[in-house]
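Here is my note on the model you sent over.

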Amino acid sequence: MPAYSTNMRFKFPLLAILLEIITIILFALFVEYEHEGHGHSDTKHGEHGNKTKNIADISLYPMFQDVHVMIFIGFGFLMTFLKRYGFSSVGINLLLAAFGLQWGLLMQGFWHGGGKIHVSILKMINADFSTATVLITFGAVLGKTSPVQLLILTILEITIFAANEHLVAEILGASDIGASMTIHAFGAYFGLAVARMLYRPGLKNGHENDGSVYHSDLFAMIGTIFLWMFWPSFNSAIADPGVPQFTAVVNTYLSLAACVLSAYALSSLVEHKGKLDMVHIQNATLAGGVAVGTCADMAIGPFGAMLIGFLAGIISTLGFKFLSPILASTLCIQDTCGVHNLHGMPGILGGLAGIVAVALGKKHGSAGMQAAALGCSLGFALVGGAITGLIIRLPIWGQPPDQNCFDDSIYWEVPEEEGENDGSLTHGEHFKNKAEA
Amino acid sequence: MPAYSTNMRFKFPLLAILLEIITIILFALFVEYEHEGHGHSDTKHGEHGNKTKNIADISLYPMFQDVHVMIFIGFGFLMTFLKRYGFSSVGINLLLAAFGLQWGLLMQGFWHGGGKIHVSILKMINADFSTATVLITFGAVLGKTSPVQLLILTILEITIFAANEHLVAEILGASDIGASMTIHAFGAYFGLAVARMLYRPGLKNGHENDGSVYHSDLFAMIGTIFLWMFWPSFNSAIADPGVPQFTAVVNTYLSLAACVLSAYALSSLVEHKGKLDMVHIQNATLAGGVAVGTCADMAIGPFGAMLIGFLAGIISTLGFKFLSPILASTLCIQDTCGVHNLHGMPGILGGLAGIVAVALGKKHGSAGMQAAALGCSLGFALVGGAITGLIIRLPIWGQPPDQNCFDDSIYWEVPEEEGENDGSLTHGEHFKNKAEA
Amino acid sequence: MPAYSTNMRFKFPLLAILLEIITIILFALFVEYEHEGHGHSDTKHGEHGNKTKNIADISLYPMFQDVHVMIFIGFGFLMTFLKRYGFSSVGINLLLAAFGLQWGLLMQGFWHGGGKIHVSILKMINADFSTATVLITFGAVLGKTSPVQLLILTILEITIFAANEHLVAEILGASDIGASMTIHAFGAYFGLAVARMLYRPGLKNGHENDGSVYHSDLFAMIGTIFLWMFWPSFNSAIADPGVPQFTAVVNTYLSLAACVLSAYALSSLVEHKGKLDMVHIQNATLAGGVAVGTCADMAIGPFGAMLIGFLAGIISTLGFKFLSPILASTLCIQDTCGVHNLHGMPGILGGLAGIVAVALGKKHGSAGMQAAALGCSLGFALVGGAITGLIIRLPIWGQPPDQNCFDDSIYWEVPEEEGENDGSLTHGEHFKNKAEA
């Protein structure tokens, strides 16, 4: 990529406005409130629905808000660990999720076939879920992509996600209530495939801004803790009411608790002088939520959930320590946030746990179909991600040159940090700049 | 204002204690738990009540907590963008809101006429709402007012707000479920009128502390995101249960999503080299929540809500870029946070959208009364704000001199920032200081 | 303690893994989902249960999540005020709470006698509560203890807490719905006793890292505000549904609002030049939630709740200003976060208010039993804390030497702060370190 055209002045605004206008037109044509559709839509599509819901029911609203917090605060702040990329982490996260949820609402209807799309709280939860895949993928390419590239990625990934999700849930009839396979593994391997296509040899020896400072690690912990706390809502939000939903809450809660202990233990075990590493703590403590996803609503027993979380914490921490450097050096996959360790491997672990749990009769279903769902999700992710990577690496989308990676100032007006007095942006200068502009 | 008396040692504590003691006495005389009043109070006052609520019902409690988060985290952290005013932003926000909600509970009862005031979750939501007007106004004068001035402003503004709200809802019978007119436009224009009265020619060329640093902008994003996520609760909390409440959730959710795209697009379009400006992202992305407020519970259609949000994002961003400098230079209105762009113009847009929606029959009502409600809210705001500004600019209330504006250290013990080692406040020094004091 | 062995490489990981494996085995033997036990467990144990709950009921889930946020965000970030101890504050908080809730689930069952333990949302709330005692104690010894010491403390304190809680609620039949006595006073005096045992003469004149910087105080405010907002959930979560639960919400909400005013007033009154002190604002504003705990569900009237909050704010602020230095210099109790002022004295105030309220007939009960419950909680705390302190001060647990207190870098890989360029940890170096390790 010898030529970079990073000036976003027209490209980005025009794309964003165009996408939003098209979306509004599609909503005008195809989208109604749930109650206008007399609730037929939800009762038709089994699996992922609370079948007994009334029209205009907002009983799922607190669950929805928990998921919303995970998407916008959780993912957004988790990625602020980079020292000079906080604006993009939380800001572009907001942009992609806000667009993604609109696109996700449309795609849910599209793949689920004809007629109007009826917005319900359940659909809004699923729309948030569809954006989660994009945000996981965003983590893999964080710091190395332009907003234009990422908006295009959002359209493509959510479209492919919705197709795969439809296949897994409706055609294969597989269980994946907390979406270990369809969201986490899918989003991670999609992201790794994109990252492979966007490989930058120039970053082989690292980049001075590809790291954290003390305060940025604390901002990231805001994301970690909100993700950790509300993960039981993520895994149970669309479960059937009653015992399955309750079970999903309890299993996720216990898996995460166990995962914290193993993540901390492994972090200390593998690090220099037994010190804890913030990268592990910020990420591997969450692997228990990912890994228990597929069988969250199954009767695997409290200790079964804890065992899954315990293993996930170990695998995830070891991945950060030993596998990520190999992926980068050998497979040319530069995974900024290590999504392979938080979402990829724990997602596969979740899929495997689901196969075992179904085979053991913990939930009615077919172990074969579970295995097919896992393979299918990985296949869609890798192929979809590779194609998407090929498309967004075209030089016209404003991809930043190596030296500007991990740096907000390429896409943002950035005030200087405390102590660098002359550079801070006062309102007076602000207005002056405006006058000059 | 030649003479400043900024030492708060006696003035502030005595005022705060006195106000709290008076408030406790008023509560002892006039306030009971809801169930002690057998629920009569809520069923009497139509419009803003869930008429079918049971006694001691806490089903609205999750909605209340969402609004609570918006008031205390949302508004509080949104204003921490200033580099040296974070303590005041989040701290004085807490003070004003904690006092304001008590005063708001009293005023709700006062204007709604005789008998005891019965505290319910619904009343607590309305009390939080009444503080929102004060916090919007606080944004307009942020950095330029003392805690004493602001406590007096809180009493006056909430009293006038409650009068206007009573007039709009009960006398005019206008719809304003998300309070575009009665909270957002009211709070903003009240604030602009106060800011006009407190005009400081000495700040015409800006102030070195009237700006952000990198980390302070990230703290502000905590506020932005929590406001953005929970705005559907704000606009639907006091809607009638069932379809209206559900509609308010969906409309607000979609309006905000669309608003993000247009705010980002316009920010990039108008800024130097197409870069995004944090001031726009922190604020204009929320304008969709403000603008859809009045007609949130009306059947405007999903695309109608998105259209309103889309327009709000454009108007708000353009306001920050082009209108705010003019307001400051021509009309002598120094609006620190640009509340005119986030709450003022989008609030009016919301009022206008409400007139159109009612005229089109999207909700039973009178377009004329909607228009009267908008005019009434603006009138009360401008006159009330001007009078309040005249009162609080009396030199006895400890208004800070120009050079101490936007600086926490005038009202707070402030430790120095990292890197300025000698200035940081250790506990040892802390105790020593205490011994000396 | 002349010999320090602070290298955690094997000690910490082995302890953490061992504890988790033992815990998983105990769960496999003793813990089932609630619905597997046909709900018998909850209906047996009166007082702290919603007696009419159905099986697999998640109606308490939003309350649980509010409490969860208080435990993990609230306590975690409240302690990030220290300038170089943020990783430990929020990170070790997560570790202790994640382990503590598992241990708390076991201990609830253990003291409540035979048979299986059935996990319900109510039990999960109680498990979170049991961790709160540990986190309060953590505040007293913050910066001066190793993760190994703290894990041992967690086991001991939760075991003793569960015994005392059983005694107070089941044997004495005392009321303590918001746990002023059994959590707050207990956790604080337990912590003070531990701190006495760990007294460090070397820190008599302070420590350069025992203080805040500007940004760390803002991080701490995230904790303060979330605790403040959700405290009504803490005090009402396990109250009987209907009037008692509603009353607990309203009383706590009003007590906290009144407390803010008195805390601000007193802070300004006692500080140099009338300035506000962040230590007071971060802590004393919460004392109203602690103090109203015991009688939160009693008919003390809105103004009664406010009076309690008002007093608590005064007592707490005065404690920080005048009592903490005396405790340190005279009684050799170095209470890092001042938990005596936030949880200790307000907890006792809460216990006393409960005695008075029961004596006045605000709730059916025995004032004598209330007094016994208070005495009992203090006794268990002081004796339990002293014994625990004796155990964890054994030199083998890796307690840090004086000069490394209040410093994350003893247990964490710490990147340098912005501006100290050469020290920041980039991913490149990260990988290089890994290669060298």
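How many salt bridges does the rule find across the interface of chain A and chain C?

1. The count there is 0 salt bridges, a salt bridge being a side-chain nitrogen of Lys or Arg within 4 Å of a carboxyl oxygen of Asp or Glu. Between chain B and chain A the count is 0 salt bridges too.

2. A word on the ground rules before going on. This is a predicted model, in which local features need pLDDT of at least 70 and side-chain atom pairs count only at pLDDT 80 or more, while totals for chains, interfaces and linings use all residues. Residues are numbered from 1 along each chain as its sequence is written, chains are lettered from A and ligands numbered from 1 in the order in which they are written, and side-chain values use heavy atoms, with hydrogens and water left out.

3. Now for chain A by itself. Its secondary structure comes to 15 helices and 4 strands (DSSP runs numbered from the N terminus: helices are H or I with at least four residues, strands are E with at least two). Of its 437 residues, 71% are buried, that is, under 20% relative accessible area with a 1.4 Å probe, protein chains only. Among contacts in chain A with a separation of 6 or more, 83% join residues 24 or more positions apart; contact means heavy atoms within 4.5 Å.

4. The accessible surface of chain A is about 12,200 Å², and carbon and sulfur atoms hold 66% of that area (Shrake-Rupley method, 1.4 Å probe).

5. On to the contact between chain A and chain C, where 73 residues of chain A touch 78 residues of chain C. About 6,500 Å² is buried between these chains, with 74% of it on carbon and sulfur atoms; buried area is the accessible area (1.4 Å probe) that two parts lose on being put together, summed over both. Tyr214(A), Phe246(A) and Tyr253(A) supply 14% of the area that chain A buries against chain C, more than any other three residues.

6. The rule finds 13 residue pairs in polar contact across the interface of chain A and chain C, both at pLDDT 80 or more. A polar contact is a pair of N or O atoms within 3.5 Å; within protein, one must be able to donate a hydrogen and the other to accept it, and residues adjacent in sequence count only if both atoms are side-chain atoms. Elements of chain A giving two or more residues to this side include helix 3 (61–78), helix 8 (214–236) and helix 12 (302–330). Helix 9 of chain A gives the most, with 19 residues.

7. Finally, only 11% of the interface residues of chain A are also interface residues in chain C, so the copies meet through different surfaces.

Terms used:
Buried < 20%, exposed > 50% of the residue type's maximum accessible area, 1.4 Å probe, protein only.
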